[in-house]
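Please read it with the sequence and the model at hand.

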Amino acid sequence: MTLQQIPSESCRERSTPVLKTERLVLRAPRLGDVKTIAMLANDRRIAENTARIPHPYRLTDAEDFVATANFGNEAIFAIALRNGTRKDGTTKDEVIGACGFTQIDRHPPEVGYWLGTDHWGRGYATEAVRAMIDHIFSDLDCEAVQAAARVTNPASRRVLEKCGFQWTGAGLLRIRAISSSAPIDRFRLDRGLWASLKSWGQMQHAVA
Ligand SMILES: CC(C)(COP(=O)(O)OP(=O)(O)OC[C@H]1O[C@@H](n2cnc3c(N)ncnc32)[C@H](O)[C@@H]1OP(=O)(O)O)[C@@H](O)C(=O)NCCC(=O)NCCS
């Protein structure tokens, strides 16, 4: 699919929710994000830790990503910093990465995420993944969410831990950027645990 063939972008934007957190906004990726996404994603450290991102990552890869996002059984969000509001009320934002989830048949949705390297280590991934999980459990009929991380990827593993995911086992995942499979750990977050963590967080907030 090419960019010229996606007149339905505004429809898809309307059907993809906008998730706001303290510092971030998660929204459907747009044509205007293509250059930024291509620049951010063109890093081997990102490609080698995700299943589908190629390396090198070219402008055409970002165009395909935007053109095919949010069709079928997946929800894709650009992760942007909330940088304020314009006079006309629209939000200024700076895209720093992307995240999303795929749901195949009745299996729990599987989440994925990446950030441009300049933005690592500031808690943004945890904030984005929490927002996505809250959306999944609040708005969709799912009893669990799953995720996977390469065994050599402690940062991603830590993100999942901070969101309440629990280790469920090991496996192998095909990684496009290395044209090979690599060992991964699998994780799962059940609705019950998510609800407990949410009420515990709210309780702590209330007594603080
Ligand atoms: C994984 C990724 C999204 C994390 O983004 P981030 O915004 O830096 O994540 P956060 O800041 O929310 O949390 C990272 C946590 O990992 C920890 N961490 C980072 N590098 C680490 C390492 N080498 N060893 C142990 N912990 C590490 C951080 O200290 C932080 O934990 P803390 O808050 O307890 O200190 C980012 O590194 C990335 O895009 N990597 C490439 C793509 C990828 O791995 N995607 C996930 C696919 S499963």
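1. Overall make-up. The model is a predicted one. Its chain contains seven helices and eight strands. Of the 208 residues in the chain, 32% are buried. Among the contacts with a separation of 6 or more, 59% are between residues 24 or more positions apart.

2. The shell around the ligand. The ligand is surrounded by 22 residues, of which Asn49, Ala125, Thr126, Pro154 and Arg158 are the closest. By type, the shell consists of 11 nonpolar, eight polar and three charged residues. At least two shell residues come from each of four elements: helix H3 (44–47), strand E5 (110–115), helix H5 (124–139) and helix H6 (154–162). H6 provides the largest share, with five residues.

3. Glu127. This residue belongs to helix H5, one of the elements that supply the ligand shell. Is Glu127 buried or partly exposed? Glu127 is classed as partly exposed because it has 19 C-beta neighbours inside 10 Å, whereas a buried residue needs 20 or more. Apart from its neighbours within four places in sequence, Glu127 makes contact with Thr21, Arg23 and Leu24.

4. Helix H2. Which residues of helix H2 (residues 34–41) are buried? They are Val34, Ile37, Leu40 and Ala41. These residues lie on the same side of H2, because the arc that they cover around the axis is only 135°.

5. Pairing of strand E8. Strand E8 (residues 180–190) pairs with strand E6 (residues 144–150) in the antiparallel sense, over seven bridges. In this pairing, Gln146 is opposite Arg188 of E8. Strand E7 (residues 166–175) also runs antiparallel to E8, and nine bridges join the two. Here Gly171 faces Ile184 of E8.

6. The hairpin. E7 and E8 make up a hairpin in which four residues separate the strands. Within the turn, Ser179 has a positive phi of about 50°.

7. A cis peptide bond. The bond between His55 and Pro56 is cis, and its omega is about 0°. Pro56 sits in the loop that runs between H3 and helix H4 (59–68).

8. Asn70. Although Asn70 is not a glycine, its phi is positive, at about 65°. Asn70 is located in the loop between H4 and strand E3 (74–85). With 19 other C-beta atoms within 10 Å, Asn70 is partly exposed.

9. Asp105. A positive phi, of about 50°, is likewise found at Asp105, which is not a glycine. Its position is in the loop between strand E4 (91–102) and E5. How many C-beta neighbours does Asp105 have inside 10 Å? There are 5, so Asp105 counts as exposed, the limit for that class being 12 or fewer.

Definitions and conventions. Residues numbered from 1 in each chain as written. Predicted model: local features only at pLDDT ≥ 70, side-chain atom pairs only at ≥ 80, totals over all residues. Arc of directions from axis to C-beta. Near = placed C-beta within 6 Å. Nonpolar A, V, L, I, M, F, W, Y, C, P; charged D, E, K, R; others polar. Contact = placed C-beta atoms within 7 Å. Pairing = 2+ DSSP bridges.
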